Amino acid sequence: MGWRLMQLIFLRQINVGSFKRKSFVTKNLSIIIPYFRGARTASQLVLCLKSQTYQDFDVIIVDDGQGVGFCELYNALVDASFLHRVSLVSTIRNLGPAGARNLALSMVNTRFVAFLDADDEWRDDYLEKMVTMQSITNA
């Protein structure tokens, strides 16, 4: 499937100035990932998400690189049967990591938010420990 066709079918093209809040997230936690030309880390990123012991989360991935490397990420999500948990968003222009995070934050409708860069990894129990610690301390 060509990139343009995939973009039309699976990505939501967003005009940053006119985006309205969506209520499509139904989990307890949203993971926000700005994605800029991360083709070489796509499979590692999906493995990191899939191996978390705490699984009550959705993922918002913001393509901030005009599609460069996004096909690899999409294929890794499909191969891992993980696409149903992910909202893929593409920006019209490069916003930088902070802008991509802020765009995703405007879409969140969960109690907790976690940020993960596309080239980073978490330990398998990272989210479980963070949510447990929050409930203990009521932070």
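R123, D125 and K129 are joined in a network of salt bridges. A salt bridge here is a side-chain nitrogen of Lys or Arg within 4 Å of a carboxyl oxygen of Asp or Glu. The model is predicted, so local features need pLDDT of at least 70 and side-chain atom pairs count only at pLDDT 80 or more, while totals for chains, interfaces and linings use all residues. Residues are numbered from 1 along each chain as its sequence is written, and side-chain values use heavy atoms, with hydrogens and water left out.

In the salt bridge between D125 and K129, the corresponding separation is 3.3 Å. R123 is exposed, at 58% relative accessibility. K129 is partly exposed, with a relative accessible area of 45%. For these classes, buried means under 20% relative accessible area, exposed over 50%, and partly exposed in between (1.4 Å probe, protein chains only).

The count comes to three salt bridges. Another of them pairs R101 with D117, the closest N and O atoms being 2.5 Å apart. This pair links distant parts of the chain. R101 lies in helix α4 (residues 96-105), and D117 in the loop between β5 and α5 (126-137), 16 residues away. Both ends are partly exposed: R101 has 22% relative accessibility, and D117 has 27%. Side chains of opposite charge can pair when their charged atoms come close.

The chain has five helices and five strands. These are DSSP runs numbered from the N terminus, with helices (H or I) of at least four residues and strands (E) of at least two. Along the sequence, the order is α-β-β-α-β-α-β-α-β-α. Of the 139 residues, 45% count as buried. Contacts (heavy atoms within 4.5 Å) were also sorted by sequence separation. Among those between residues at least 6 apart in sequence, 82% join residues at least 24 apart.

Two aromatic pairs are found in the whole structure. Rings of Phe, Tyr and Trp (its six-membered ring) pair if their centres lie within 6.5 Å; planes under 30 degrees apart count as stacked, over 60 as edge-to-face and the rest as tilted. The rings of F57 and F82 have centres 6.3 Å apart and planes at 50°, so this pair is tilted. The pair links distant parts of the chain, 25 residues apart. F57 sits in strand β3 (residues 57-63), and F82 in the loop between α3 (70-79) and β4 (86-91). Both F57 and F82 are buried. The W122 and Y126 rings are stacked, because their centres are 4.7 Å apart and their planes lie at 25°. W122 is buried, at 13% relative accessible area, whereas Y126 is partly exposed, at 31%.

The accessible surface of the chain is about 7600 Å², and 52% of it belongs to carbon and sulfur atoms. Areas come from the Shrake-Rupley method with a 1.4 Å probe; for residues, only the protein chains shown count as cover. L105, V113 and F115 form a nonpolar surface patch with about 220 Å² of accessible area together. Patches are made of residues with over 30% relative accessible area and no salt bridge; like charges are joined within 9 Å, and nonpolar side chains (Val, Leu, Ile, Met, Phe, Trp, Tyr) within 5 Å. V113 belongs to strand β5 (residues 112-115) and is partly exposed, at 33% relative accessibility.

Zero disulfides are found (cysteine sulfur atoms paired within 2.5 Å). C48 is buried, at 4% relative accessible area. C71 is partly exposed, at 23%.
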